[in-house]
Structures are given as structure tokens and as C-alpha cells.
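This briefing concerns the fold and packing of one protein chain. Please consult the sequence and the structure shown below alongside the text.

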Amino acid sequence: NEITNKEFRQFYTDIINNPNDTIAWVDLSKMKRTSDGKMTKPVVVKEAYKDIAPKIIDLSVCNSIPNKENYFTDPKYNNYPVVGVSYYGAWYYCIWRSNQEFDAKGATVQDYRLPTLYEWRNVPRANMDYETGLHEVLKGEKNELGLFNLNGNVAEWTCTSSENDDLGSKYVIGYSWKSDVNSQFMEPVPAEKATDYIGFRIVK
């Protein structure tokens with residue numbers, strides 16, 4: 001289900017409190033085929049926490065929601081969906097959470113990522129009416145898989161790029177607490193943009 005303020009705050013706190021630690025991932029896009037038909041080794045990319053800290057959440061955005069003062073930090077909103085997160089913030093969260101879960105041999109137990117647009121659109125809906133208002137992530141209608149808020153609460157990042165856009169936009173899908181009848185169900189949004197109505201859920 002949607003990632004909550006409490007879940008994202010654990011990530012944010014770790015990043016802020018350990019600026020010299022690093023986050024690492026394998027960049028498969030840098031692999032190339034050599035002349036003898038073999039693939040080069042995957043490239044491991046590392047970034048310091050202090051370098052990604054400015055990219056993960058915009059506190060001025062998530063704390064500007066009307067009638068919800070200190071939305072990100074107040075414990076009474078722990079189980080509400082995190083907002084103010086750009087695509088990059090959601091992407092770093094997936095890497096961080098994957099790296100938290102290792103087995104005894106040092107292998108990743110779970111590999112988390114954002115859903116693709118295709119995956120998100122093909123999940124069965126509980127109903128086709130979107131729900132108004134911002135509420136806890138486990139409240140409201142759920143579908144046959146036990147997933148909540150596919151028709152409301154916050155719109156959500158996917159990892160699918162917009163085909164006709166050179167700004168690095170990613171598709172955001174779903175209605176949010178700010179939606180009205182004229183809102184788009186799906187739209188490309190610049191990957192660095194943070195709003196008070198876009199959150200995310202992850203798959204593994």
C-alpha cells in the first residue's frame with residue numbers, strides 16, 4: 001500500500017543522521033556488449049547520504065497541507081501517505097529499503113521498486129469512484145488483493161517514463177485528495193517535482 005509518513009521518516013532520519021554513509025545500487029543501463037558478444041560487468045554506483053539528502057523530500061510542500069500542521073513530522077499523521085516526495089525521493093527510498101534487508105550471506109532478501117504504469121493500471125479496482133479527502137493508508141475501499149486507495153488519497157509515481165518528453169518526466173497515476181471530476185487519472189510529471197498530492201507505493 002501507499003508508503004506512510006512514518007516509513008519514509010525512518011529513511012529520511014537515517015539519511016540526515018549519517019551524512020557520510022553511502023547508498024549503492026547496480027546500474028544495469030551502463031552494461032554494454034563487447035565485440036565478442038559478452039556483456040560488460042554491471043556498474044555499482046555509490047552516493048553519499050549528504051549528497052542525496054536535498055533530493056528526497058520537500059518539507060515545505062508536505063507541511064503546507066491545509067488543517068494538517070507539521071504533516072510529515074507529527075505522529076498523529078504517522079499512518080497517512082507521505083507527500084512532497086519527487087520521483088527521485090521515491091526511487092532512493094526503494095534502494096535504501098532494499099539495502100536494509102540482507103540475509104546472512106549479504107544478499108538482498110527483497111528488491112523493492114516503483115511499479116510500472118502497466119502494472120498499476122492492471123491492478124483490479126475495488127470500485128471506480130475515487131474517494132475524497134486525505135486519510136490513513138489502510139482506510140477506505142480495498143481491492144481483492146487487499147490494496148487500499150487505488151482510487152484516491154494520493155496520486156502515485158510509477159517508474160515509467162513519458163515517451164514524448166525530454167524533461168525526464170515519469171507517469172503519475174491515480175486520483176488524489178485534490179482531484180475533481182475534471183482531473184486527469186494519469187499524467188507525466190517532471191521527475192524532480194514534489195507536490196502535496198503525489199505519493200507512492202512499492203512492489204517487490
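H1 and H4 are roughly perpendicular to each other, a class that covers angles of 65 to 115 degrees. The model is predicted, so local features need pLDDT of at least 70 and side-chain atom pairs count only at pLDDT 80 or more, whereas totals for chains, interfaces and linings use all residues. Residues are numbered from 1 along each chain as its sequence is written, and side-chain values use heavy atoms, with hydrogens and water left out.

**The H1–H4 pair**
- The two helices, H1 and H4, pack at an angle of about 85 degrees with their axes 11 Å apart; axes are lines fitted to C-alpha atoms, for helices over the stretch in contact, and angles run from 0 to 180 degrees between N-to-C directions.
- On the H1 side, Glu7, Phe8, Gln10, Phe11 and Asp14 meet Gly89, Tyr92, Tyr93, Trp96, Arg97 and Gln100 of H4 (contact: heavy atoms within 4.5 Å).

**Overall architecture**
- The protein chain contains 5 helices and 6 strands, where helices (H or I, at least four residues) and strands (E, at least two) are DSSP runs numbered from the N terminus.
- Their order from the N terminus is α-β-β-α-α-α-α-β-β-β-β.
- Of the contacts in the protein chain with a separation of 6 or more, 59% join residues 24 or more positions apart.

**Burial and nonpolar cores**
- Of the 204 residues in the protein chain, 42% are buried (under 20% relative accessible area, with exposed over 50% and partly exposed in between; 1.4 Å probe, protein chains only).
- The largest nonpolar core has 40 residues, and Phe8, Trp157 and Phe200 have the most contacts inside it; such a core is a set of buried Ala, Val, Leu, Ile, Met, Phe, Trp, Tyr and Cys residues joined through side-chain atoms within 4.5 Å.
- Two or more residues of this core come from each of helix H1 (5–17), strand E1 (22–27), helix H2 (49–56), helix H4 (87–100) and strand E3 (155–161).
- H4 gives the most to this core, with 7 residues.
- Beyond its neighbours within four places in sequence, Phe8 is in contact with residues including Ile3, Ile56, Phe72, Val85, Tyr93 and Phe200.
- A second, separate core of 6 residues includes Leu117, Trp120, Leu150 and Tyr171.

**Cysteines**
- The disulfide count is 0, a disulfide being a pair of cysteine sulfur atoms within 2.5 Å.
- Cys159 is in no disulfide, and the nearest cysteine sulfur, that of Cys94, is 8.9 Å away.
- Cys159 counts as partly exposed at 27% relative accessibility, whereas Cys62 counts as buried at 0%.

Notes. Angles under 35 degrees count as roughly parallel, over 145 as roughly antiparallel, 65 to 115 as roughly perpendicular and the rest as oblique.
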